[in-house]
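Here's a quick briefing to read alongside the model.

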Amino acid sequence: MLELRPNCECCDRDLPPAADAMICSFECTFCPDCAASVFGGLCPNCGGELLRRPVRPAGKLAANPPSARRVLGDDARCAERRSLTRRGLAA
């Protein structure tokens, strides 16, 4: 079962279960903006393709909740994006 991580590993933007999110086969999770503009559709951790994360049906969330564990990658390209996001300057 997918972990449904709650944030973009690059900019730390919240990604609730129904949000558009991109994942690789290892479930590294990114917002669509970071996936496209920072990483060109490839996961910076494994090099795999980033694809749209499926949406878990609302009726299944109570028994299968999303993860609360926030993950932040250490890719150097993300530090500035995180800073902008925290200041409300990034999409």
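Let's begin with Arg5, which sits in the segment before E1. Keep in mind that this is a predicted model. Arg5 counts as buried because its relative accessible area is 11%, under the 20% cut-off.

**Around Arg5**
- The side chain of Arg5 makes a polar contact of 3.0 Å with the side chain of Glu3.
- That Arg5 side chain also gets to the backbone oxygen of Glu27, at 3.1 Å.
- Setting aside residues up to four places away in sequence, Arg5 touches Leu15, Phe26, Glu27, Cys28, Thr29, Arg53, Ser67, Arg69 and Val71.

**The sheet**
- Three strands make up an open sheet, ordered E2-E1-E3, with antiparallel pairing.
- Strand E2 (29–30) and strand E3 (51–52) are the edge strands, each pairing on one side only.
- Strand E1 (residues 22–23) is tied to E2 by 2 bridges, and the two run antiparallel.
- Met22 has Phe30 in E2 as its bridge partner.

- In soluble globular proteins, nonpolar side chains tend to be buried together.
- Here, the largest nonpolar core holds 17 residues, and Cys8, Cys10, Phe30, Cys34, Phe39 and Leu50 have the most contacts inside it.
- Helix H1 (residues 32–38) is the top contributor to this core, giving 3 residues.
- Which residues does Leu50 contact, leaving aside its neighbours within four places in sequence? They are Met22, Ile23, Cys24, Phe30, Ala35, Gly41, Leu42 and Cys43.

Definitions and conventions: Residues numbered from 1 in each chain as written. Predicted model: local features only at pLDDT ≥ 70, side-chain atom pairs only at ≥ 80, totals over all residues. Heavy atoms only, no water. Core = buried A, V, L, I, M, F, W, Y, C linked by side-chain atoms within 4.5 Å. Buried < 20%, exposed > 50% of the residue type's maximum accessible area, 1.4 Å probe, protein only. Helix = DSSP H or I, 4+ residues; strand = E, 2+ residues; numbered from the N terminus. Contact = heavy atoms within 4.5 Å. Pairing = 2+ DSSP bridges. Polar contact = N/O pair within 3.5 Å; in protein donor to acceptor, adjacent residues only side chain to side chain.
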